[in-house]
Amino acid sequence: MTLGVAVDGGTLAVHELGHGGAGSPVVMALHGITANALAFGAVAQALDGEVRMLAPDLRGRADSRSIRGPWGLAAHAADVIAVLDAVRVEKAILLGHSMGAYVAALTAYLHPSRVSSLVLVDGGVGFPAPSGDIDEALEKVIGPAMTRLSMTFADDSDYLDFWREHPGIGPGLSAPYGDLLTAYLRHDLVGRDGERRSSCVLDAVRADGADVLADPAVLGALHDGTVPATLLYAARGLQDEPQGLLDADRIAAADLPPTVRILPAGGVNHYTVLFEPQAVRLIAYAVGTSV
């Protein structure tokens, strides 16, 4: 089921990916910078029956691409609260991956009374801002995920072939969870055959990327410590390289408050952490023990 929630600039599409029994906790799942709600398909399956999972396509992506702005992480945080208000939920667990982890941490910082706990997956930790052009910085960090935003594809198969060449994602398309990964990738596509393209609004990606890389409130949000958090990190990076975005040394250098629990997610990469069964079980455990 998909809900339409009125937000500043348009309507936010919110997918109900998992259903819990009466009184079950609500989990709001927040995806990465060029991703969409279906990134949480495997996690939703693991938690189905235990929680109610609401996963928005964040503004400027997938079914929320028609929102006119404003852009930036403060706008995403306001959207989280708008969704909670619309479904009449006072508090929720925020589950964020990559950029979504920064959105979750910022929401908890700005609205601590509305967030019961945080589960942050390979993101949310602030580091010194890089210098230079924002597009260049994003290209260095997310690579092909940024490049595809200016590309067109003949059809869905052509788009999937593009991802098959991605070292962090391609092998997963033939894994047991390949159907869920394919559904996630296809949910990004818009346009007719011959002109298929990513739904991501480039201005939204640029503004969000600038906030993740350099906004002081975003970078410092997790240090507030008011809302308890669990931080999971993947051992491998976006291109499946041995160095992940986070590691024990980087996390230690960030000097996070004691309210942040740290859980290494093992030998998965930045993308497969949401799909590989052992990592999905760990995320489900983190959610279950954050209630």
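Start with strand β1 (residues 2-7) and strand β2 (residues 10-18), which pair in the antiparallel sense over six bridges. Two strands pair here if DSSP finds at least two bridges between them, while strands (E, at least two residues) and helices (H or I, at least four) are DSSP runs, numbered from the N terminus. This is a predicted model, so local features need pLDDT of at least 70 and side-chain atom pairs count only at pLDDT 80 or more, while totals for chains, interfaces and linings use all residues. Residues are numbered from 1 along each chain as its sequence is written, and side-chain values use heavy atoms, with hydrogens and water left out.

Back to the hairpin. Ala6 has Thr11 in β2 as its bridge partner. Two residues sit between the strands, and Gly9 takes a positive phi near 100 degrees.

Now step back to the sheet. It is open, has eight strands in the order β1-β2-β4-β3-β5-β6-β9-β10, and its pairing is mixed. At the edges are β1 and β10 (260-264), each pairing on one side only. From one strand to the next, the twist averages 25 degrees. For a parallel pair, look at β6 and strand β9 (residues 229-233), joined over four bridges; there, Leu118 stands opposite Ala229 in β9.

Next come the helices. α2 packs on the sheet, touching β1, β2, β3, β4 (52-56) and β5, and its direction makes about 120 degrees with that of β1. Contact means heavy atoms within 4.5 Å. Angles run from 0 to 180 degrees between N-to-C directions, and axes are lines fitted to C-alpha atoms, for helices over the stretch in contact.

α3 lies across β3, β5 and β6, running at about 155 degrees to β6. At 1.5 Å a residue, its twelve residues (99-110) should span 16 Å, and the end C-alpha atoms are 17 Å apart, which agrees; the expected span is 1.5 Å times one less than the number of residues. Ten of the twelve residues of α3 are buried, meaning under 20% relative accessible area with a 1.4 Å probe, protein chains only. Among them are Met99, Tyr102, Val103 and Leu106. The buried residues of α3 pack against β3 (26-30), α2 (73-86), β5 (92-97), β6 (115-121), α8 (202-214) and α9 (216-220).

Finally, α2 also meets α8, at an angle of about 100 degrees and with the axes 8 Å apart. That makes α2 roughly perpendicular to α8, a label for angles of 65 to 115 degrees. Leu73, Ala74 and His76 in α2 meet Asp208, Asp211 and Val212 in α8.

Terms used:
Buried means under 20% relative accessible area, exposed over 50%, partly exposed in between (1.4 Å probe, protein chains only). Angles under 35 degrees count as roughly parallel, over 145 as roughly antiparallel, 65 to 115 as roughly perpendicular and the rest as oblique.
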